[in-house]
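Trainee: I would like to go through this model and ask what stands behind each label.
Mentor: Go ahead, and we will set each value against its rule.

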Amino acid sequence: MTIHSFVRDVEHLAASCRGVVRLPTDGTEYLEACSGWNVAWTQRPAVLVGATSEGDVVHAVRYAADHDLTVAVQNTGHSVTVPADERTLLIVTGGLDRVFVDPQTQTATVGGGTTWNPVLADAQRQGLAPLLGSAPHVGTVGYSLGGGFGWLARKHGLAVDAVRSMRVVLADGRIVTTSPAEEPELFWAMCGTAGSGLGVVVEMTTALVPVEEVYAGNLFYPLDAAGEVFDRYLDWSGQAPAELTSAFNITAFPALDIVPPPLQGQTFVIVRGCWAGAPGSDADAGPRQLDTWRAWKPPLMDTWTSIPFARAAEISMDPVDPLPAASSGRWLSRLDRIVLDAMVEAVCGGEGPSPILFAEARHAGGAIRRDNPEVSFGARDGDRMLELVGLITDPLADADLEHRFATVWRRLREHLAPLPGYLNFVEGHERVQASRHAFDADTLDRLRAAKRRFDPHDLFRHGIPLAGPG
């Protein structure tokens with residue numbers, strides 16, 4: 001195909017789409033359209049389609065198939081597995097942002113490019129809450145289909161288990177509705193693989209839960225108290241009921257303007273979490289869980305209080321503005337002093353300042369462990385989830401982060417759960433590797449069969465690898 005015919009065909013594509021179509025020759029407009037939240041990743045596709053309708057996605061997928069291009073999908077751009085290149089058509093789904101909350105069925109139906117922010121706001125007006133994560137500005141679809149371990153997880157389960165149905169554009173351009181009752185194999189395969197390796201989700205319906213007010217926040221302790229705080233946290237969390245989802249965290253707050261002044265440049269040990277009791281239950285149950293801490297050792301700062309769940313972002317205080325970041329995470333079978341030492345070393349050890357901002361061990365169990373044969377997500381037996389997050393400020397920091405991540409996992413190899421992989425806390429090559437340890441052998445074989453059925457030519461090859469024998 002000549003460059004002239006390619007450009008002509010792109011013009012036909014642009015005329016067919018409601019959203020924008022961009023080429024590398026469009027300069028700044030193209031670069032801005034390609035950019036995502038995590039600016040450490042660079043997407044440089046041959047063609048970009050900013051979809052605002054299902055039809056745009058259908059036209060884009062068919063165009064890519066006709067022109068021997070692969071298809072990548074980006075919503076917020078928090079994580080990337082395989083970046084789009086000159087042989088790729090990138091579909092940006094942010095324009096698919098419709099939200100409809102049905103209080104009768106306690107569900108939210110959202111466009112494929114919706115973030116949790118508007119879902120949370122609309123649901124809370126009905127006394128309901130979605131099973132979102134720590135950052136409401138993350139996309140609903142990728143988060144849910146990758147697992148979705150949020151602050152309501154021990155009580156209400158993972159976000160992947162809340163998915164009820166999806167509308168998906170397949171590799172042949174067809175739009176199908178998939179659920180446990182309709183195209184159940186596609187539903188099963190997408191719910192656990194982050195979805196984009198099998199099709200483009202243009203709409204998703206997810207269950208909501210009756211949560212209005214929670215007791216949540218953070219206790220800040222000095223770093224030199226890490227050992228005693230950790231020991232108490234192990235005992236406290238180990239006895240906690242499912243209403244409490246908590247985490248032990250070590251954070252080195254950077255001296256940046258985005259950080260509140262009292263925290264800038266300081267390193268803290270943090271006990272954070274969220275108590276979500278049933279509506280009408282004992283309102284003092286959550287505060288009593290924390291009063292034991294206050295009596296034991298008063299913290300430097302204490303932000304635990306009753307808040308509407310609409311303010312859930314205040315629990316983890318994740319940054320909202322785009323950053324060059326990297327994360328790494330695994331399911332652990334247990335938490336002990338060896339894990340603590342690895343966390344402290346990752347955040348505070350080595351020569352010079354560490355590029356790792358925080359290490360956080362979340363308490364799992366409870367409703368997370370409920371088996372769900374309708375989804376492929378099966379890594380549920382870990383007692384804890386350990387996540388590491390860092391900033392990539394220069395090429396040396398990138399290499400240092402990769403080395404520190406690898407060092408932690410080598411050190412904790414005897415602590416890893418039988419299926420340690422968790423897709424939502426990894427990206428790039430590490431996400432590809434994690435996918436091999438997120439499913440058992442039978443599940444991987446079944447996923448490959450689904451890939452051969454729904455995407456036989458591997459058009460969607462920018463997600464985790466599903467093509468192959470088996």
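Trainee: How do you know how the lining of the largest cavity divides into nonpolar, polar and charged residues?
Mentor: This is a predicted model, and in it the lining consists of G146, G192, F377, G378, A379, G421, Y422, L423, A438 and F439. Ala, Leu, Phe and Tyr count as nonpolar, whereas Gly counts as polar. The lining therefore divides into six nonpolar, four polar and no charged residues.

Trainee: What volume does the largest cavity have, and how many cavities does the count give?
Mentor: The volume of the largest cavity is about 40 Å³. The count takes cavities of 30 Å³ or more, and it comes to one.

Trainee: What is the volume of the second largest pocket, and which residues are closest to its centre?
Mentor: Its volume is about 670 Å³. The lining has 24 residues, and closest to the centre are E402, F405, H429, E430 and Q433. Two or more lining residues come from each of β15 (325-332), α12 (395-411), β18 (416-421) and α13 (428-435).

Trainee: Which element gives the most to that lining, and how does the lining divide by residue class?
Mentor: Helix α12 gives the most, with seven residues. The second largest pocket has twelve nonpolar, six polar and six charged residues in its lining.

Trainee: Why is A225 called buried?
Mentor: Buried means under 20% relative accessible area. A225 has 2% relative accessibility, so A225 counts as buried. Its place is in the loop between β10 (213-222) and α8 (226-238). A225 and F268 are 43 residues apart in sequence and 9.2 Å apart in space, C-alpha to C-alpha.

Trainee: What makes strand β4 mostly covered?
Mentor: Five of the five residues in β4 (residues 88-92) are buried. In a regular strand the side chains alternate between the two faces of the sheet. On one side of β4 are T88, L90 and V92, on the other L89 and I91, and all are buried, with both faces covered.

Trainee: How do you know that β2 and β3 pair with β4?
Mentor: Two strands pair if there are at least two bridges between them. Four bridges join β2 (residues 47-50) to β4, and five join β3 (residues 70-74) to β4, so both count as paired with β4. The β2 strand runs parallel to β4, and β3 likewise runs parallel to β4. L48 stands opposite L90, while the bridge partner of Q74 is V92.

Trainee: What makes β5 and β8 edge strands?
Mentor: Five strands form an open sheet in the order β5-β6-β9-β7-β8, with antiparallel pairing. Strands β5 (99-102) and β8 (175-178) each pair on one side only, and they are the edge strands. From one strand to the next, the twist averages 10°.

Trainee: How many bridges join β6 to β9, and which residue stands opposite T109?
Mentor: Five bridges join β6 (residues 107-111) to β9 (residues 200-207), and the two strands run antiparallel. T109 stands opposite T205 in β9.

Trainee: Which strands of the sheet does helix α4 touch?
Mentor: Helix α4 (residues 116-124) packs on the sheet and touches β5 and β6. The direction of α4 makes about 30° with that of β5.

Conventions: Residues numbered from 1 in each chain as written. Predicted model: local features only at pLDDT ≥ 70, side-chain atom pairs only at ≥ 80, totals over all residues. Heavy atoms only, no water. Axes fitted to C-alpha atoms, helices over the stretch in contact; angles between N-to-C directions. Contact = heavy atoms within 4.5 Å. 1 Å grid on protein atoms, 1.4 Å probe; cavity = no way out; pocket = protein on both sides within 12 Å on 5 of 7 lines; lining within 4 Å. Points joined across faces, edges and corners; volume = space filled by probe spheres on them. Buried < 20%, exposed > 50% of the residue type's maximum accessible area, 1.4 Å probe, protein only.
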